[in-house]
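Student: Please take a close look at a single part of this model and describe its architecture in order. Give the cut-offs for each term as it comes up.

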Amino acid sequence: MKIVAVCGMGIGTSVLLKMNTEKALRQMGADADADVEAADIGTARGAARTANLVLTSAELVDEIGAVPAQVIVIDNFTDVAEITEKLRPVIEN
Amino acid sequence: MSLADDLPKSAIVTRAHASDWRAAIQLAGGALTASGATTAAYTDEMIAAVEKHGPYIVIAPGFALAHSRPSPAVLHTGLSWVALAEPVDFGSGTNDPVRLVVGLAALDHDSHIETMAALAGILSDEAVLSELIAAETAAEVHAILGRVP
């Protein structure tokens with residue numbers, strides 16, 4: 001599974017989100033099955049084409065637009081529990 | 001590594017007053033410039049990022065990670081720290097109002113990864129974070145960061 005963490009610039013918030021997503025996957029024992037990358041909004045549409053899952057903030061959802069991947073909004077990028085809760089249905093599916 | 005290594009006292013502002021989100025980012029940009037991490041132009045780039053993409057930099061309750069992309073205005077990778085005396089609204093639906101703005105300047109996409117890992121550790125530790133936000137001086141912030149592994 002390929003997961004893309006998207007923010008405006010690709011260096012700050014998406015990097016934090018990628019780290020905490022990897023932590024959530026480890027806690028679920030699913031880190032071997034998923035590859036997480038950080039992307040900025042400019043390259044996100046391309047990256048999302050080959051991804052299964054896109055994680056981003058509510059403000060950026062409209063800018064990403066329609067992509068084949070499932071898009072999940074994360075409210076608190078530093079809350080591993082929220083990320084775990086939102087990822088679990090997808091991972092266990 | 002400790003976040004204290006990337007956050008010189010010259011980049012820390014405590015009990016700061018900002019009238020709105022632009023003023024809050026200006027403080028974070030001013031602190032990056034004061035510590036030598038960026039030129040003043042980087043402040044405008046951080047504000048432009050929010051004008052373009054919205055307040056997505058408010059990524060946790062009360063916390064904004066102000067940043068732009070690597071540019072000639074970035075002299076070296078660095079962080080700044082602005083704890084606001086009065087919280088400021090950024091227009092973020094779920095995470096307003098903001099009490100802490102961390103400014104981030106990065107030279108490229110990779111060289112600040114360890115810094116981000118250290119920052120992620122701090123942000124996920126509520127006890128340490130509230131102690132940091134309540135700190136009254138830069139030296140106090142630095143001391144708290146220095147004892148966090």
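Tutor: Two strands count as paired if DSSP finds at least two bridges between them. The model is predicted, so local features need pLDDT of at least 70 and side-chain atom pairs count only at pLDDT 80 or more, while totals for chains, interfaces and linings use all residues. Residues are numbered from 1 along each chain as its sequence is written, chains are lettered from A and ligands numbered from 1 in the order in which they are written, and side-chain values use heavy atoms, with hydrogens and water left out.

Start with strands β4 (residues 78-88) and β5 (residues 98-105) of chain B, which run antiparallel and are joined by seven bridges. Within this pair, V101(B) of β5(B) is the residue opposite V82(B).

These strands belong to an open sheet of five strands with mixed pairing, in the order β1-β4-β5-β3-β2 (chain B). At its edges are β1 (12-16) and β2 (58-60) of chain B, each of which pairs on one side only. Axes are lines fitted to C-alpha atoms, for helices over the stretch in contact, and angles run from 0 to 180 degrees between N-to-C directions.

Two backbone details fall in this region. In the loop between β4 and β5 of chain B lies P97(B), and the peptide bond joining D96(B) to P97(B) is cis, with omega about -10 degrees. In strand β1 of chain B is R15(B); its phi is near 45 degrees, a positive value in a residue other than glycine. Most residues other than glycine have a negative phi, and most peptide bonds are trans.

A crossing is right-handed if the near helix is turned clockwise from the far one by less than a right angle, and left-handed if anticlockwise. On the α1(B) side the contact uses W21(B), R22(B), I25(B), Q26(B), A28(B), G29(B), G30(B) and L32(B). Facing them in α2(B) are Y42(B), T43(B), M46(B), I47(B), V50(B) and E51(B). By class, the residues of this contact divide into eight nonpolar, four polar and two charged. Here Ala, Val, Leu, Ile, Met, Phe, Trp, Tyr, Cys and Pro count as nonpolar, Asp, Glu, Lys and Arg as charged, and the others, Gly among them, as polar.

Another helix pair in chain B is α4 (residues 126-134) and α5 (residues 138-147), with axes that come within 9 Å and cross at roughly 160 degrees. The two helices, α4(B) and α5(B), are therefore roughly antiparallel to each other. For this wording, angles under 35 degrees count as roughly parallel, over 145 as roughly antiparallel, 65 to 115 as roughly perpendicular and the rest as oblique. The crossing of α4(B) with α5(B) is left-handed. V128(B), E131(B) and L132(B) in α4(B) are in contact with V141(B), I144(B), L145(B) and R147(B) in α5(B). The contact of α4(B) with α5(B) has five nonpolar, no polar and two charged residues.

For reference, chain A holds an open sheet of four strands, in the order β2-β1-β3-β4 (chain A), with parallel pairing. The edge strands there are β2 (35-40) and β4 (70-73) of chain A, each pairing on one side only. Its twist averages 25 degrees from one strand to the next. Strand β3 (residues 53-56) of chain A runs parallel to β4(A) and is joined to it by four bridges, and Q70(A) in β4(A) is the bridge partner of L53(A).

How values were computed: Contact means heavy atoms within 4.5 Å.
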